[in-house]
Amino acid sequence: MLKNLAIVLLAAGVVALPFVFHRAPPQGEWRPGDPELIVVTPHNEAIRQEFAEGFSAWHHERYGKPVRVDWRVIGGTTEIMRYLAAEYGASARRFLRAQGHDWPANGAEIIFAAKPAPDGETLWRAFRASDAPDEISCQMDVFFGGGEYDHQKAQRQGLTVPAWKGGPPAGLFEDAEGRVLIPKAVNGEVWRGEAFYGTVLSAFGICYNKDRLADLGIAAPPRTWEDLADARYFGQLALADPTKSGSVAKAFEMIVHAQCAKAVAAAGFTREAIAAHEAAVKDAPPAYHAAIEQGWVDGVNLLRRIGANALYFSDSSSKVPVDVSMGVAAAGIAIDFMGRFQSEMSTPHGQEPVMEYVNPEAGSSMTADPLSLLRGAPSRELAVRFIEFVLGEDGQKLWNYKAGAPGGPRRFALRRLPIRRDFYPSADPVQHAIAEARREHLSDPLLQPDVDAYRLAEAFRYEPRWTTAHFGIQRDLVRCMCMDSAEELTAAWAVILRNGGPGANPEAMRHLEALPDAPLPLTWESAVGGYAKVPRMDILREWTAFFRRQYRIAEQEASKK
């Protein structure tokens, strides 16, 4: 009896322990019933953690309740866009059919079109008129991160909606005196639109391992995209798959765009002349159009030579700088903040960096990573508050303040470039004074010329017509040209290099650098106009077969020497 009583008392004590030692949660800790925000993002864990904690604290201070951020990490931006399209297509089909609308086999194509088709206008407008979670929704609130291209596409397809009905709140994009805090566009790059808002800036460049370069006998580190096509980098470059990441695809677009700029300049066209011709394209001389076409072909072939030097194409863009820092690869193409971050992380205390990152000369524009409000957001008001937090001073500090600095991140220095103008040097004394006051808290020297995002943005003029419409087709071109035919490409390139290089093998190079002639001849013009009418799988199949065949012929030609 006593034994049984002791067992009961012991069990009761065990059950009671959590209540005896339980402490009330600290002020600001989220509890069931408090607001919850659902965010889909390609951002890494450090960014997710800092912005979740920062927003929760900011919201608690202003609205009296903390917020739990439910992050949905599906993959890269490409995977996110595919997921959103599938979810909205299915949701629209269910809702619109229930409303009495006919849903044809191409219903998703109709509602996602940029403009209504004559035979589908009613369905298109019905989709765009809905913005409620119980109607058409993906049951998520915010799309945070990724490149401008995908957010622009999401806006065009109607997946996202403007955050504010009557315009943004005062002090967000301009201060009280009208000073611009977040521009709409800079030097050709769009930083915010009607339904997407740039939050942080990125450039694209080269990371390289100094010890590995010395092993290869390369005295001068790479400074231009062309340097990566050097024969000494054969089998030494770490690259990422542009079909898996919008940011990587943007980096590859920069390579092509830089070659277009070089060809246009070589043809004698000044920046002023380019602006005039782009404003009146139909009146531009034939030589101008020919220069763009030649630059595009040069850029594609530069991508091919860089791809021929590749050690691998990774599914993850973050793997590239890590492997370069470890010496697995000698160099690679990286997003600026990933390159700088890994350089710092891989440098032993008190020693010189083993890995460096460099923005290529005249090689990259400054692009924005936006966030957007999703159509039918379950917590719309909360989502708008999140957007205002990220774009405001409190959210912007998280991008580049030191960990533990006042107003900065708690654990991780994110090492990214804020988009707000008042973080950088300025001719305006008020904005410059604000930037100077922040200097001591910054992780990166944002006021130095080689890091000043606004100075770098002004140094590279982006002409959207040259390569923007080619963005998607260039992704597939790299896949077929460099990845799916990698074995044949590297084999041909190896023989060409072994037998004197490109200059000594003109016939082999003619085959190596040939562009597809099926389903139709590939040119700068047909890449946009003609190929838009060809099913994507047909393109991939035809192109891969073409490149494999051409590379085998190139190898045979080079072997004759």
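## A buried pair: aspartate 422 and arginine 438

In this predicted model, aspartate 422 is buried, and arginine 438 is buried too (buried means under 20% relative accessible area, exposed means over 50%, and partly exposed lies in between, using a 1.4 Å probe and protein chains only). These two residues form a salt bridge, with their closest N and O atoms 3.2 Å apart (a salt bridge is a side-chain nitrogen of Lys or Arg within 4 Å of a carboxyl oxygen of Asp or Glu). The pair links distant parts of the chain: aspartate 422 sits in the loop between β14 (417-418) and α15 (429-438), while arginine 438 belongs to helix α15, 16 residues apart. Helices (H or I, at least four residues) and strands (E, at least two) are DSSP runs, numbered from the N terminus.

## A pair within one helix

Now for aspartate 538 and arginine 541, whose side chains meet in a salt bridge at 2.7 Å, N to O. They are 3 residues apart in helix α21 (residues 536-559), so about one helical turn separates them. Aspartate 538 is partly exposed at 27% relative accessibility, and arginine 541 is exposed at 52%.

Shared partners also build a network: salt bridges join Glu393, Lys397, Arg420, Asp422 and Arg438 into one.

## One more pair, and the total

Aspartate 70 and arginine 72 form a salt bridge as well, with 2.9 Å between the closest N and O atoms. Aspartate 70 is buried at 17% relative accessible area, whereas arginine 72 is partly exposed at 31%. In total, the structure holds 41 salt bridges.

## How to read the numbers

Residues are numbered from 1 along each chain as its sequence is written, and side-chain values use heavy atoms, leaving out hydrogens and water. Local features need pLDDT of at least 70 and side-chain atom pairs count only at pLDDT 80 or more, while totals for chains, interfaces and linings use all residues.
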